[in-house]
Number of protein chains: 2
Amino acid sequence: MNTTITDKQAASVITSKELLEHWKGHRGLTRRVIEAFPEKELFEYSVGGMRPFAAMAKELLAIAAPGIRQIVNGNEEELNENLDQATTKADILKLWDETTAEIDRYWPQIPVERFSENILAFGQYEGTVWSTIFYFIDNEIHHRAQGYVYLRSLGIEPPFFWER
Amino acid sequence: MNTTITDKQAASVITSKELLEHWKGHRGLTRRVIEAFPEKELFEYSVGGMRPFAAMAKELLAIAAPGIRQIVNGNEEELNENLDQATTKADILKLWDETTAEIDRYWPQIPVERFSENILAFGQYEGTVWSTIFYFIDNEIHHRAQGYVYLRSLGIEPPFFWER
């Protein structure tokens, strides 16, 4: 009997589709954290000399869609965190939603065998495709959690971490 | 031709061994964040009315080893975050290392097909094995990042996020 081994048939830790849904669950939560900030504090408030949460959100925006595009296209993308055009919460949320849509569009073009291949993300970060994508997600969790502390110190209840 | 489908042969997003190494990279970083706190501040300092970082570390300790044990043994473990015996940084670090050793010991006993099975972690949290383990890791990243803000607001440089 011939057996074709596919992602679906083989037992696997997590499928590509599950990883996408996992990330999108995190992206939904991060969106709610952005929303929870008052307009002014999103761009100005910080703790311990760190960046305001808007600057962290812009870093996440600079990474996510260009990061997935370069995995699919194999070209080199520039890391541009400035995003000067985003000056309001509404601007950030709009870019956030456009990024989610772009991830959704590109993701199915990553063949499962690509995840274990090596890449140099943004022309400088070595890793496999999976470790690069995990880095994008982990980095989002990391900065969002810093936003939680900002919100708490502003007396604002952040969204539940476990709600995705 | 008969083909046995194994984790190794099939293209997969991430293998079980890679996921373990990924988690252990995070655990090493979290250990360095615990170490970076001065003794007193680890147990007493906080921002925005949140818990001191020692209490967060105890939560992570309460979850990790019991969480993996119950995935392997199929029994129900109690979630006990008190860990009253841990009153010094050295105590926390010792428990941290014992936990890492226990994860290492139990992890190879999770067959790859188990990751997609449903479990009720700590008798109350529904999910698949993979989503439960991802929750453990994500929750560690989340609380560690809050520790980063505590350290920054204490004027202490935290370890680099990307060093694992």
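In chain A of this predicted model, the axes of helix α3 (residues 53–73) and helix α4 (residues 89–106) come within 10 Å and cross at roughly 20°, with axes taken as lines fitted to C-alpha atoms over the stretch in contact and angles running from 0 to 180 degrees between N-to-C directions. α3(A) and α4(A) are therefore roughly parallel to each other, a label for angles under 35 degrees. The contact (C-beta atoms, placed from the backbone, within 7 Å) involves residues including Leu61(A), Ala65(A) and Ile68(A) of α3(A) and Leu95(A), Trp96(A) and Ile103(A) of α4(A).

Residues are numbered from 1 along each chain as its sequence is written, and chains are lettered from A in the order in which they are written. As this is a predicted model, local features need pLDDT of at least 70, side-chain atom pairs count only at pLDDT 80 or more, and totals for chains, interfaces and linings use all residues.

Over in chain B, α4(B) has Ile92(B), Leu95(B), Trp96(B) and Ile103(B) as its buried residues (20 or more other C-beta atoms within 10 Å of a residue's own; exposed is 12 or fewer, partly exposed in between). Seen down the helix axis, these buried residues fall within an arc of 105°, so they line one face of α4(B); the arc is that of the directions from the axis to the C-beta atoms. They pack against α1 (16–36) and α3 (53–73) of chain B. The face turned away from the buried side carries exposed residues, among them Lys94(B), Asp97(B) and Glu98(B).

As for α5(B), 19 of its 25 residues are buried, leaving this helix mostly covered.

Note on methods. Helices (H or I, at least four residues) and strands (E, at least two) are DSSP runs, numbered from the N terminus. Two residues are in contact if their C-beta atoms, placed from the backbone, lie within 7 Å. Angles under 35 degrees count as roughly parallel, over 145 as roughly antiparallel, 65 to 115 as roughly perpendicular and the rest as oblique.
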